[in-house]
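Here are my notes for you on this one. Have a look at the model first, then read the points beside it.

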Amino acid sequence: MTSVAAERPSSRRSALRPAAGKASAATPSVAERVQRDEGRTPTAEVRQALPLVTVRGLQVAYGETTVLDGVDLDLFPGEMVALLGASGSGKSTLMRSLTGFAPIAAGSVRVAGHDVTNLVRGELRTLRSEVGQVFQQFNLIPRLSVMTNVLTGALHGAGPINLAGGFSSAHRRRALELLDRVGIAHKASAPARSLSGGQQQRVAIARALMQQPKVILADEPVASLDPKLAGSVLELLREIATQDGIPVLVSLHVLPLALAHSDRIVGLRHGEMLVSGMTSRLDAAALSPLYNDEEQDDDDDH
Amino acid sequence: MTTTTEPRTDRSTRPGLDVAERARLESAFRVPRTRFLIGLPIAVLLLIWSFNGAQFNFVKLGEGAINMGEFLSRLFPPDFSKIGTILALLLETFQMAVVGTVLGAVLSLIVAFGATSTLAPKWLYYPTRWVMNIIRSVPDLVFALMFVSAVGLGPFAGILAMTLGSIGSIGKIFAEAMEQVDRGPVVAMEAVGASKRQVIQYGVLPQAAPLLTSYTLLLFEGNVRGATILGLVGAGGIGLELTTAMRMYDYGHLSAIIICIIVLVTAIDQGSALIRRRIT
């Protein structure tokens, strides 16, 4: 599977519809995989495409503590995958390992054509520039304008001297288009800190889109928002996944949100993959093992 | 459990509150902690010991009050006959402070990057901190003497002394301002694949900017006052005139100089307070 991912053309747009050209070469392995685990791929259309993220047998350890143990994950173009699990189950670590922020002890991680376990010099920054990230605390630069915050998404590959006013007008046009898309264009000149939480997260999403990402990772993007805003932000992410054909991996700890706003759910518990399947075939009962080990622990103690 | 949204807590591992500790926290009257009972006398002893060592004497202060009054009375009335000289020198002092502050702030910022633990590698961080400590320990007057012997009498030597001195003081404060920025934007900039310079430019500096500006204004105020002292060793500014007036027992002139300095320092203080309000 890793070799197939490596053949994937590196240009961004061609990644969206590689199926036609690559079908003959890819068909055996894809079919094989679908047979093995049908639950992993949501639609026939997506099944034809090659995964942009391929994780096999991933182990991550900080010192003696093993945080992830044997995780497999594929992300296909255009799908929104919810990553579920209790606190400390390894959701954030899995996200971090995809962009080289976590120490990978074993296994293979391929993201957008990069072998994350074996990056050559300078490749790390290129990889990160191709992966859009959205954070729980939005992580905008509070005193800079909304517009500048979006523009920072294009920092990689910007000229050697690039003072705050130095982005090209093409960049600026695109930043404004993205702000239109996320519905915050009227605030373009306002300092980021003056926006509400939901608005800030939309700006952060525009910043991620400014990177022209091949993959979007959202680590608890709605944990700081109220339920209504949470739904609208998740819908925005799902819309981006569908329209742009970008896989979106979003970690959540609220079950109903995951069931309502994802194509596929991957559940982690104690660093191991416990659940993986299409959202439409899962319900709260099927996902409860992700959280209910707590009672068992208590019973053991008393 | 199916719809529970609250984060999981490890009830099994949560330690209970000790019974004695619970009683202590509930009680309205608190017996002071042992560390407080021991610490208080030590602090008082340290204070008394220091007063003695510094030869602080209330009786002498009372006796001296009369002499002090006499000295102050000699300062009146101020003699503004040489106001032209005073204003010219005051202007020079101001200009020295402007140049010294700009050079000092720029150099301090550059050095501060090396002294910021979150940005600099260890091999750079520790030497930079040591150098800063050494510079801070040496009085500005000593630097002024050094530069006077190097480039001769005049404001240039004073400016150099100010610039070097500010690296020790303001450089350390700059570094601490940059260490205290919120990590979030820094992480975000690393995540978009920004270079180290870009991370500093977008993730660190915009967040630290209000503090950096505020400290630079403080440095400027300090440099205006400092420039009056540097004149003592002939490093330009109004200090030399001040010393001369003192030596010549020209108290009218002396008080005129002091009044002018007070006016300038107050004006600068008000001005920088205004700027500080705007930026924060």
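1. Start at A:Val248. Skipping its neighbours within four places in sequence, A:Val248 is in contact with A:Met80, A:Ile216, A:Ala218, A:Leu237, A:Ile240 and A:Ala241 (contact: C-beta atoms, placed from the backbone, within 7 Å).

2. Before going on, a word on the model. It is predicted, so local features need pLDDT of at least 70 and side-chain atom pairs pLDDT 80 or more, while totals for chains, interfaces and linings use all residues. Residues are numbered from 1 along each chain as its sequence is written, with chains lettered from A and ligands numbered from 1 in the order in which they are written.

3. Now the core. The largest nonpolar core has 139 residues, and A:Val248 is among those with the most contacts inside it, as are A:Leu237 and B:Ala161. Such a core joins buried Ala, Val, Leu, Ile, Met, Phe, Trp, Tyr and Cys residues through C-beta atoms within 7 Å; buried means 20 or more other C-beta atoms within 10 Å of the residue's own, with C-beta atoms placed from the backbone.

4. Chain B has eleven helices and zero strands (DSSP runs: H or I, at least four residues, for helices; E, at least two, for strands). Its radius of gyration, 27 Å, is well over the 19 Å that the globule rule gives for 280 residues, so chain B is more spread out than a compact globule. That radius is taken over C-alpha atoms, and the rule is 2.2 Å times the number of residues to the power 0.38.

5. Chain B's C-alpha trace spans about 90 × 60 × 35 Å along its principal axes. Buried residues make up 31% of its 280 residues.

Key
Buried ≥ 20, exposed ≤ 12 C-beta atoms within 10 Å, placed from the backbone. Contact = placed C-beta atoms within 7 Å.
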